[in-house]
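Hi,

Here is the model I promised to pass on. Have a look at it first, then read my notes below.

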Amino acid sequence: MVIEIDFNSDEALYIQLRNQIIMGIAKDTLKDGESLPSVRQMANMLGVNMHTVNKAYALLRQDGYVKLDRRNGAVISVSLENRSIHMESIHSDMQMIVAQAICKEITLAEMQELVQQMYDTFGADRLGSGE
């Protein structure tokens with residue numbers, strides 16, 4: 001997996017790293033049980049401070065995307081526990097996105113098309129249609 005950090009972005013580096021790892025999991029380029037580079041290795045690869053990587057890995061652990069192990073480091077392990085908590089978090093995030101869409105006069109049909117395109121991009125058809 002190639003991770004690219006935009007040093008000119010307003011988004012914090014650790015958030016960029018976290019988000020790209022989550023995207024890699026969604027696209028199935030990072031698989032369950034796969035080890036991520038150590039904090040030191042990732043920091044060297046990206047040219048960032050080790051604390052930046054450590055913070056991203058800690059967030060990924062907290063959000064249930066990786067497990068941290070002293071021997072194996074950060075390992076992809078998506079937790080499916082607490083689904084209702086994850087749904088609440090996604091609902092909250094989506095609420096702001098929908099509010100922004102309404103303000104910018106983006107229709108429900110356009111939003112549905114965007115979501116469908118994203119599911120297609122991430123190969124989420126493996127999840128089924130949900131119908």
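Leaving aside neighbours within four places in sequence, threonine 52 is in contact with Leu13 and Tyr14. Threonine 52 itself lies in helix 3, and with 18% relative accessibility it counts as buried, because the cut-off for that label is under 20%. Bear in mind throughout that this is a predicted model.

The charged end of lysine 55 sits over the ring of tyrosine 14, at 4.3 Å from the ring centre. If you were hoping for ring-ring pairs to go with that, the count of aromatic pairs in the structure is 0.

Next, glutamine 16, which is found in helix 1. Is glutamine 16 buried or exposed? It counts as buried, at 7% relative accessibility. What does the side chain do in there? Another goes to the backbone oxygen of glutamate 11, at 3.0 Å.

Helix 2 deserves a look of its own. Within helix 2, which spans residues 39-46, the buried residues are Met42, Ala43 and Leu46. Viewed down the helix axis, these buried residues fall within an arc of 100 degrees, so they line one face of helix 2. What do they pack against? The buried residues of helix 2 pack against helix 1 (13-26) and helix 3 (50-62). Arg40, Asn44 and Met45 are on the other side of helix 2, and they are exposed. After helix 2 comes glycine 47, with a positive phi near 75 degrees.

Arginine 83 lies in helix 4, which covers residues 83-103. With a relative accessible area of 60%, arginine 83 is exposed, because that label applies over 50%. I also looked at how arginine 83 relates to isoleucine 106: the two are 23 residues apart in sequence, and their C-alpha atoms are 29 Å apart in space.

Finally, the overall picture. How many helices and strands does the protein have? There are 5 helices and 2 strands, and from the N terminus on they run α-α-α-β-β-α-α. Taken along the principal axes, the C-alpha atoms fill a box of roughly 45 × 35 × 25 Å. The protein has 131 residues, and buried ones make up 22% of them. As for the surface, the protein exposes about 9,900 Å², with carbon and sulfur atoms supplying 52% of that area. On the contact side, take the contacts between residues at least 6 apart in sequence: 45% of them join residues at least 24 apart.

That's what I have so far.

Cheers

How values were computed: Residues are numbered from 1 along each chain as its sequence is written. This is a predicted model: local features need pLDDT of at least 70, side-chain atom pairs count only at pLDDT 80 or more; totals for chains, interfaces and linings use all residues. Side-chain values use heavy atoms; hydrogens and water are left out. Rings of Phe, Tyr and Trp (its six-membered ring) pair if their centres lie within 6.5 Å; planes under 30 degrees apart count as stacked, over 60 as edge-to-face and the rest as tilted. A charge sits over a ring if NZ of Lys or CZ of Arg is within 6 Å of the ring centre and within 35 degrees of the ring normal. Helices (H or I, at least four residues) and strands (E, at least two) are DSSP runs, numbered from the N terminus. Buried means under 20% relative accessible area, exposed over 50%, partly exposed in between (1.4 Å probe, protein chains only). The arc is that of the directions from the helix axis to the C-beta atoms. Contact means heavy atoms within 4.5 Å. Accessible areas come from the Shrake-Rupley method with a 1.4 Å probe; for residues, only the protein chains shown count as cover. A polar contact is a pair of N or O atoms within 3.5 Å; within protein, one must be able to donate a hydrogen and the other to accept it, and residues adjacent in sequence count only if both atoms are side-chain atoms.
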